Amino acid sequence: MHSLANEIKAFSKASLKKQSTRVTTITGKRLIETLRDARVQLVEDPQQIDGACGYVEDTSLDLKVGVVKPWLLLASQDVAQDYETLKHYKISYILNVGYGVENAFPCEFIYKSISILDLPETAIISYFHECFEFIEQAKAQNGVVLVHCNAGVSRSASVVIGYLMCIYGLSFKDAFSVVKNARQVTNPNPGFMEQLKNYQPNK
């Protein structure tokens, strides 16, 4: 009868099954991670799909609404396309700053669409004036306005931060804090962050 010590001595890493795991990097490249001789090796997945997106697709709906002011809301395109949620929050105006996002209910709400690319080099501040005019119009009419882009993270959040700085005289830090508290996923891209930090609306 073998002792436990003998069994341990007889055990070899070579007897382990080789484990393979498919990995998708943040740039969209698909790799196969294999454990060989106690070392991890990465090779390109032969099933690599050309033109794969540089992100992991999230198919779950984001129906969380950030209430910045009782009449100023921030969300993703999912909310803008969910009639029940729009009605629940008594939304009447919708500012769409996404790219390639169609307005779902043109007969039910007052829309303004401005296609903005979520790129660090996009001059987000150049769009502020017309965005703020629309938000102010909604406020003057006692409406509730929803500001959204695609994910409700960068472009629309930047517009709302800029709005608070311009209309209410908040510093970037305070405006960012208000918006972040309303919608936790708020995260303008680095270029937008830099523009907002340098934004001086009254000069």
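In which sense do strand β6 and strand β8 pair, and over how many bridges? Select residues 93–96 for β6 and 145–148 for β8: the two pair in the parallel sense over four bridges. Two strands pair here if DSSP finds at least two bridges between them, and the elements themselves are DSSP runs numbered from the N terminus, with helices being H or I of at least four residues and strands E of at least two. Click on L95 and you can find its bridge partner in β8, V147.

Before moving on, some housekeeping. This is a predicted model, in which local features need pLDDT of at least 70 and side-chain atom pairs count only at pLDDT 80 or more, while totals for chains, interfaces and linings use all residues. Residues are numbered from 1 along each chain as its sequence is written, and side-chain values use heavy atoms, with hydrogens and water left out.

**The sheet**

Now widen the selection to the whole sheet. It is open, with five strands in the order β4-β5-β8-β6-β7 and mixed pairing. Go to the edges: β4 (66–69) and β7 (110–113) each have a single partner strand, so one side of each has no neighbour in the sheet. Ignoring direction, neighbouring strands are turned by 20 degrees against each other on average.

**Helices on the sheet**

Contact means heavy atoms within 4.5 Å; axes are lines fitted to C-alpha atoms, for helices over the stretch in contact, and angles run from 0 to 180 degrees between N-to-C directions. Next, bring up α5, which lies across β4, β5, β6 and β8 and runs at about 155 degrees to β5.

How do α4 and α5 (residues 155–168) pack, at what angle and how far apart are their axes? The angle is about 75 degrees and the axes are 10 Å apart. That makes α4 roughly perpendicular to α5, a label used for angles of 65 to 115 degrees. To see the contact, show side chains for F128, C131, F132, I135, E136 and K139 on α4, then S158, V159, G162, Y163, C166, I167 and Y168 on α5. By class, the contact has nine nonpolar, two polar and two charged residues. Here Ala, Val, Leu, Ile, Met, Phe, Trp, Tyr, Cys and Pro count as nonpolar, Asp, Glu, Lys and Arg as charged, and the others, Gly among them, as polar.

Not counting residues up to four places away in sequence, S158 touches I124, F128, P188, F192 and L196.

Follow that list to P188, in the loop between α6 (172–182) and α7 (190–197). P188 is 30 residues from S158 in sequence, yet 6.1 Å away in space, C-alpha to C-alpha. P188 is buried too, at 3% relative accessible area. Leaving aside neighbours within four places, its contacts include V153, I161, F176 and M193.

**Last stop: cysteines**

Is C107 buried or exposed? C107 is exposed at 77% relative accessible area, whereas C149 is buried at 2%. The structure holds zero disulfides (pairs of cysteine sulfur atoms within 2.5 Å).

Conventions: Angles under 35 degrees count as roughly parallel, over 145 as roughly antiparallel, 65 to 115 as roughly perpendicular and the rest as oblique. Buried means under 20% relative accessible area, exposed over 50%, partly exposed in between (1.4 Å probe, protein chains only).
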